[in-house]
Amino acid sequence: MIIDCHGHYTTAPPALAAWRNRQIDSLADPSIAPARADLRISDDELRHSIESNQLRLMDERGIDMTVFSPRASFMAHHVGDFTTSAEWAALCNELCFRVSTLYPERFVPAAMLPQSPGTDPATCVPELIRCVEEFGAVALNLNPDPSGGHWTAPPLTDRSWYPVYEKMTEYDIPAMVHVSTSVNPAFHTTGAHYLNADTTAFMQLVQGDLFRDFPTLRLIIPHGGGAVPYHWGRFRGLAMALGKPPLEEHVLGNVYFDTCVYHQPGLDLLCDVIPVRNILFASEMIGAVRSVDPCTGHHFDDTRRYVEAAAGLSADDIPAIQEHNARAVYPRLDALLKRQGR
């Protein structure tokens with residue numbers, strides 16, 4: 001089977017964005033603040049939003065299961081305060097859960113956390129618990145920059161993040177390190193901020209010793225790791241200069257990279273530099289790049305084509321990337337699939 005570890009609900013019904021706009025407007029006028037109950041989206045609306053979009057493309061591309069989380073750019077943790085983020089995260093997580101109940105063999109939820117700039121990450125733990133215990137979430141998205149492109153948060157190795165990591169290890173769930181919208185005009189959200197964040201997060205992990213304290217913690221760096229594979233020699237050299245063990249020992253027992261790389265040479269490089277066991281299949285459809293590549297006649301984000309055409313991969317490597325690695329990194333997903341007889 002093929003498991004896509006990086007899916008977002010980018011096609012949610014318009015009522016969700018309308019509710020969010022009301023919430024944002026209420027920051028200036030609290031009297032117009034919407035209640036959670038004001039958001040009314042029927043199951044039929046959810047089906048329409050999924051069947052004509054993600055599910056259609058999954059069927060066309062032969063993808064069996066998607067790890068499904070709220071739209072990354074909509075997380076917008078910089079908006080309002082913790083209460084704002086908590087309300088918004090709760091609604092978005094519930095919608096992803098509802099999609100998973102409508103299509104239990106095609107989607108499984110991953111949680112958005114109610115992060116907020118300057119707020120202790122420990123405040124996110126109750127929503128994490130709710131999503132795992134009530135919604136069956138198999139992972140979470142962790143934003144290393146809740147400020148929206150201004151990078152005011154401490155590095156991921158800082159002890160302030162430890163309450164989240166402690167709960168992750170207790171539940172044996174991984175996190176995808178994924179930023180949200182950039183409000184810094186110097187950084188385009190999907191073209192710069194996302195890829196900068198992937199690279200920055202990796203370097204933070206190289207600089208620190210997080211996995212000494214959390215040896216079973218698992219983090220996924222999306223979008224092929226940003227600049228990491230392309231500059232692997234630089235990171236190896238920096239690790240040496242910092243007195244760290246080789247990257248294979250220092251981070252690759254805990255850090256994984258997805259295949260959201262939208263051209264064949266880029267995917268070939270990823271598979272050549274990063275060990276196969278550390279690569280997870282993903283497409284992030286329908287996401288930042290939705291168009292057809294005029295050079296190939298196929299959608300840029302049809303990443304299955306790149307994986308199956310990647311130079312140097314063996315017959316065993318492809319199913320490892322497309323299925324087996326995800327089962328190992330997401331044990332709650334593996335348990336769900338086994339209960340389903342898969």
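Modeller: Helix α2 (residues 43-51) packs with helix α5 (residues 82-102) at an angle of about 80°, their axes 10 Å apart. Helices here are DSSP runs of H or I with at least four residues, strands are runs of E with at least two, and both are numbered from the N terminus. Axes are lines fitted to C-alpha atoms, for helices over the stretch in contact, and angles run from 0 to 180 degrees between N-to-C directions. Also, this is a predicted model: local features need pLDDT of at least 70 and side-chain atom pairs count only at pLDDT 80 or more, while totals for chains, interfaces and linings use all residues. Residues are numbered from 1 along each chain as its sequence is written, and side-chain values use heavy atoms, with hydrogens and water left out.

Colleague: So what do you call the arrangement of α2 and α5?

Modeller: Roughly perpendicular. That label covers 65 to 115 degrees; under 35 counts as roughly parallel, over 145 as roughly antiparallel and the rest as oblique.

Colleague: Which residues make the contact?

Modeller: From α2 it's D43, L46, R47 and I50, and from α5 it's L95, R98, V99 and L102. Contact means heavy atoms within 4.5 Å. Those residues split into five nonpolar, three charged and no polar. For the classes, Ala, Val, Leu, Ile, Met, Phe, Trp, Tyr, Cys and Pro count as nonpolar, Asp, Glu, Lys and Arg as charged, and the others, Gly among them, as polar.

Colleague: OK, sheets now. What's the order in the three-strand one?

Modeller: β1-β2-β3, an open sheet with parallel pairing. β1 and β3 are at the edges with a single partner strand each, so one side of each has no neighbour in the sheet. The twist from one strand to the next averages 35°.

Colleague: How many bridges join β1 to β2?

Modeller: Five, and the two strands run parallel. Strands pair if DSSP finds at least two bridges between them. I3 sits opposite M65 in β2, and Y9 has P70 in β2 as its bridge partner.

Colleague: Is β1 buried or exposed?

Modeller: Seven of the seven residues of β1 are buried, so the strand is largely enclosed by the rest of the structure. Buried is under 20% relative accessible area, exposed is over 50%, and partly exposed is in between (1.4 Å probe, protein chains only).

Colleague: Which helix lies across that sheet?

Modeller: α15 lies across β1, β2 and β3, at about 130° to β2. Its buried residues are L333, D334, L336 and L337. Viewed down the axis of α15, these fall within an arc of 160°, so they line one face of the helix. The arc is taken from the directions from the helix axis to the C-beta atoms. K338 and R339 are exposed on the other side of α15.

Colleague: What covers the buried residues of α15?

Modeller: β1, β2, β3 and α14 (317-329) are included in the cover. Just after α15, G341 takes a positive phi of about 80°.
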